[in-house]
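Hi,

Here is the structure I promised to pass on.

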Amino acid sequence: MKAAYENTLKRIDRIPPEGLKQIVRNLLAENSIYESALNSTLDGIIVCDLAHKPLFINRSAEKITRIVSWAQEVVLWEQLDDDNLADFIQEALSSEKNILNHELSISRPGGTRLLSISISALVSEGKIAGNLIHIEDITEKRRREAQLRRAESLAALTTLAAGVAHEIKNPLASIRIQLGIIRRILEKNCAKKTEPIFHNISLVEQEIDRLNSIVVDFLFAVRPMDITLIRNRVEDVIKEVVEIMGNEASVHHINIVCEFEDNLPEVMIDPKHLKQALLNIIKNAIAAMPNGGTLTISAVTRHDELQISISDTGIGIPEELLAKIFEPYFTTKESGTGLGLTITFKIIKEHNGEITVESKPSKGSTFTIHLPIPQPEQKSLPPWEDGLQIEGSEREE
């Protein structure tokens, strides 16, 4: 096509006006196709000239970078609303280096988004004419990868569960029994010099109980759950959990606020297991507010799902740890087992739901449980097949 236009340009003086108009119309149509193709891709495409001013920005790039109306006379980075993105683009374009799949986080009202940015030289007729910037929003991709890793971790734990139950839980029970026997023997022959021994026995019993608790949590995390989903109201479950945790929250100077949207629909839940999931999250939230604060629990409908959000005003979670918090044995607590959120994740998956988290250090965290809202059954198609009447139906004449 380029060669045809070059030949046309050579004999343009001999082309009649109508012919020139048709050539221009063809050029416009061809340009429209190219522009539509670039605007149809989900990835952001930005073309800049040698002065780093935008020549073209497709719709996806406008959406990702939030450029509403871009100006060709202003350098690109001065038109970006996120400082991290603007600083990176300025440094990358000024250094004239090719960049491949650089990951960058930007802040958005709906939460942090993760971008993958590539920048390369734009070559035209053997000369560098500017830069081509490719931007991909990989937030959901990374979230799916994290979910897959968590699922793989759970599968690996399931393989180990039977061995752990036999090799650890049973010996612990035997040790506990033997300590009880030793305690009774000493009590029959109690003397002042044996009192420190009772203290040491108590310490050992406490540690055995703690280890046993870890094993129990471990087995609960990997065993198939006996989930029975019934239509129920999540408000009732949340109120029960708040009542259970009310005293503990009060002791830590934490105010619990509940916000429920009017006329929330019933969803398919197992109240006992959902209560356990909420308790795990709320206990973590209380631990994250050592100096007190506010714990907000809300329930709203969004499209075809019901969302339960638990927000705290605590210490928050560093961004580099967000992808790990649902993984088995990961914990920031000195005495934690690292299985609480793993169990929560499994419970929500058994409810055919999802759990997401947003957090900023020193600002707090928000865990959101997404539960599907049951949809009304679709009416079946009329009972006709290949023009033949199906038994029990009548065709109108």
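Helices are DSSP runs of H or I with at least four residues, strands are runs of E with at least two, and both are numbered from the N terminus. Within α2, the buried residues are Ile23, Glu30 and Asn39; buried means under 20% relative accessible area, exposed over 50% and partly exposed in between, with a 1.4 Å probe and protein chains only.

Before you go further: this is a predicted model, in which local features need pLDDT of at least 70 and side-chain atom pairs count only at pLDDT 80 or more, while totals for chains, interfaces and linings use all residues. Residues are numbered from 1 along each chain as its sequence is written, and side-chain values use heavy atoms, with hydrogens and water left out.

The chain holds nine helices and 14 strands. Of its 397 residues, 37% are buried. If you take the contacts (heavy atoms within 4.5 Å) between residues at least 6 apart in sequence, 59% join residues at least 24 apart.

Next, the sheet. Five strands form an open sheet in the order β2-β1-β5-β4-β3, with antiparallel pairing; two strands pair if DSSP finds at least two bridges between them. At the edges are β2 (54-57) and β3 (99-108), each of which pairs on one side only. From one strand to the next, the twist averages 25 degrees. Helix α4 (residues 83-95) packs on this sheet and touches β3, β4 (111-124) and β5 (127-137), its direction making about 155 degrees with that of β3. For such values, axes are lines fitted to C-alpha atoms, for helices over the stretch in contact, and angles run from 0 to 180 degrees between N-to-C directions. Strand β1 (residues 44-49) runs antiparallel to β2 and is joined to it by three bridges; Ile46 has Ile57 in β2 as its bridge partner.

Then there is a helix pair. Helix α8 (residues 271-287) packs against helix α9 (residues 340-350) at an angle of about 145 degrees, and their axes are 9 Å apart. On the α8 side, the contact includes Leu274, Ala277 and Ile281, and on the α9 side Leu341, Ile343 and Ile347 are among the residues involved. How enclosed is α9 by the rest of the structure? Largely so, because eight of its 11 residues are buried; among them are Phe345 and Lys346. Asn352, which follows α9, has a positive phi near 60 degrees.

Seven bridges join β11 to the antiparallel strand β12 (residues 364-372), with Thr356 partnered by Thr368. The two strands make a hairpin with three residues between them, and Ser362 in the turn has a positive phi of about 70 degrees.

Lastly, Ser298 sits in strand β9 (residues 293-302). Its relative accessible area is 16%, so Ser298 is buried. Leaving aside residues up to four places away in sequence, Ser298 touches Glu259, Gln307, Ile308 and Ser309.

Best wishes
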